[in-house]
Amino acid sequence: MKIKNKKYDLYDLLQPVKDFKDLVAMREELTPDSIAFSYNNDSDTKVKKSFSQVAKEVNCLGTWLYSQGYKPTEKQYHIAVLGDNSYKWIISFLSVTNGGNVVVPIDKDLSAAEVMRIIKKADVDAIIIDDAKKDLVKDMEQSSVYLMSELPTLIAEGQELINKGNKDYFSAELKPENDSVIIFTSGTSGQSKGAVLTNSNIGSELTLTVKNFCLEGNTIAVLPFHHAFGLIVGVFMVYYYGQETFINKNLRTVSKALVTEKPHTMFLVPLFVEAFHKQIWRAADKQKSTAKLKAAMALSDQMLKTGLDMREKFFASVLTPFGKNLKYIICGGAALDPFYVKEFRSWGIEILNGYGMTECSPVVSVNRNLHHKDGTVGLGIPEAEFKKAEDEELLIRGPFLMKGYYKDPEITAEAITEDGWYHSGDLGYVDDEGFIHLTGRKKNLIILNTGENISPEELEADVQLDPGVNECLVYEDNGKIVVEIFPEEGFIGNATYFDKLIKKINHPRPAYKHMTEIRLREEEFPKNSTHKIIRKNWGK
């Protein structure tokens, strides 16, 4: 059967939801006994939780929180959640939002000073935290610090209150305009800001995005829950579809989880895609089958054009480490070179690039299951509007757009125009078919004294494709375009190799785009929690 790639109607499979509380209630009603989450406990035994169990535990913990005074009568309480990805983290999160309070997810890898800065900035009243991380909040009033190890007891106490007739939590009414989540953007430069997402923002995001993409199987959650993409898309959008999410403990267990859980779809950032790609080719090289793999890819691509799909048979060895069932990777968070999309497609895995930011709840566009264009970040979700500013910055508007940055009215005014357009900071445009093309970041743009503008991302994309390059960064320093490279093992310190590489990449480009200095690193670049290289101060 020939694989089609053309415009088709939006998906209309699910009823709209208004907020997180509505989401949990919908799934409890429609698929109460289906598995919502699974994970391995401390004994490495798999635990499964149905949608009805999730709803019950959320209601119990929420009832307990109400009993402790966190009932939003005169004000919404701000309750933070901090810890490793876990089922307890999710239950803690939902128990806050579904009772009408505001949840503040905090990055578990931040310093104690930065954690306390966010707690004070966000007016946090209480925190639910992993036991191993409790020292991060030792300067906080300890009576408002609740450990995740205590949750089973607190849930049981909440159940007792419900059994005695306490229904306050169940009757909580969530207003669309009320705050739901304050997510601090990790950012690659400057101090993080708290994006305030309302109940309406969340409901719109979930309801609209599922019209672009249809999820037909299970997934593994590997991205951090404190990040909008990892949480709202990687967890709660999957929940909306009624599919199972396996909660992966940490990066060390991803490979094992892929084999045992056999995911149908994964939500990833480019770092994972690039790492998987290198593993595949390293394995081929180790088995001395690189030429054979390339030949099989060429043959398979030709057969696909005639409607014959032999990828499962041809690339069984490639697909086995992914569980043999992986059909889609939804990739976001940063740019991904189309090269990776084409190679994974040859093996039978479709990478659908998407686009968004925390401030937009977060998805604004994504390539569709059967309608996609390489080199783009897909089609805008319904009700998303886009326009290009005079300086080619992409402006975005829609019901998913945040209320603003918490307690930062001046920065909010700079980010959002009076008529509701958000300054994305990205350079790009929408083509005649509605696909969105990104050309770089406005703040990263290199402006030469000749007036020429250079997007460092364009140069980095070509450098990154070389097998000797692990990571790279392009920036301007004293009038020179510098490329700084962290080589792969075996290439560290090989100046001759990289000198030849950069000359090759420079050759077809105009002189003003030539990288004129190479700097080699012996360790990887510092990154933020979403695995993006922190660009600030490079070359300065």
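**Exercise 1.** At what angle do helix H1 (residues 20-30) and helix H7 (residues 228-241) pack, and how many Å apart are their axes?

*Solution.* First, the ground rules. This is a predicted model, in which local features need pLDDT of at least 70 and side-chain atom pairs count only at pLDDT 80 or more, while totals for chains, interfaces and linings use all residues. Residues are numbered from 1 along each chain as its sequence is written, and side-chain values use heavy atoms, with hydrogens and water left out.

Step 1. Helices (H or I, at least four residues) and strands (E, at least two) are DSSP runs, numbered from the N terminus. Axes are lines fitted to C-alpha atoms, for helices over the stretch in contact, and angles run from 0 to 180 degrees between N-to-C directions.

Step 2. H1 and H7 pack at an angle of about 40°, and their axes are 9 Å apart.

Step 3. H1 and H7 are therefore oblique to each other. Angles under 35 degrees count as roughly parallel, over 145 as roughly antiparallel, 65 to 115 as roughly perpendicular, and the rest as oblique.

Step 4. H1 supplies Phe 20, Leu 23, Val 24, Met 26 and Arg 27 to the contact, and H7 supplies Phe 236, Tyr 239, Tyr 240 and Tyr 241. Contact means heavy atoms within 4.5 Å.

Step 5. By class, the residues of this contact are eight nonpolar, no polar and one charged. Ala, Val, Leu, Ile, Met, Phe, Trp, Tyr, Cys and Pro count as nonpolar, Asp, Glu, Lys and Arg as charged, and the others, Gly among them, as polar.

**Exercise 2.** Describe how helix H3 (residues 87-97) meets H7.

*Solution.* Step 1. The axes of H3 and H7 cross at roughly 100° and come within 13 Å. The two helices are therefore roughly perpendicular to each other.

Step 2. On H3 the contact is made by Trp 89, Ile 90, Phe 93 and Leu 94, and on H7 by Leu 231, Val 235 and Phe 236. These residues divide into seven nonpolar, no polar and no charged.

**Exercise 3.** Which residues of helix H4 (residues 112-121) are buried, and what covers them?

*Solution.* Step 1. Buried means under 20% relative accessible area, exposed over 50%, partly exposed in between (1.4 Å probe, protein chains only).

Step 2. In H4, the buried residues are Glu 114, Val 115, Met 116, Arg 117, Ile 118 and Ile 119.

Step 3. Their cover includes strands E3 (78-82), E4 (102-106), E5 (126-129) and E7 (179-184).

Step 4. Just after H4, Asp 123 has a positive phi of about 55°.

**Exercise 4.** Are the loop residues Glu 488 and Met 402 buried or exposed?

*Solution.* Step 1. Glu 488 lies in the loop between strand E24 (480-487) and helix H16 (495-506). Its relative accessibility is 7%, so Glu 488 counts as buried.

Step 2. Beyond its neighbours within four places in sequence, Glu 488 is in contact with Lys 278, Arg 282, Pro 467, Gly 468, Val 469 and Asn 470.

Step 3. Met 402 lies in the loop between strand E17 (393-397) and strand E18 (404-405). At 4% relative accessibility, Met 402 also counts as buried.

Step 4. Not counting residues up to four places away in sequence, Met 402 touches Ala 195, Val 196, Leu 197, Asn 201, Glu 359, Ile 416 and Tyr 422.

**Exercise 5.** Summarise the protein chain as a whole.

*Solution.* Step 1. The secondary structure comes to 16 helices and 25 strands.

Step 2. Of the 540 residues, 55% count as buried.

Step 3. Along its principal axes, the C-alpha trace spans about 75 × 55 × 45 Å.
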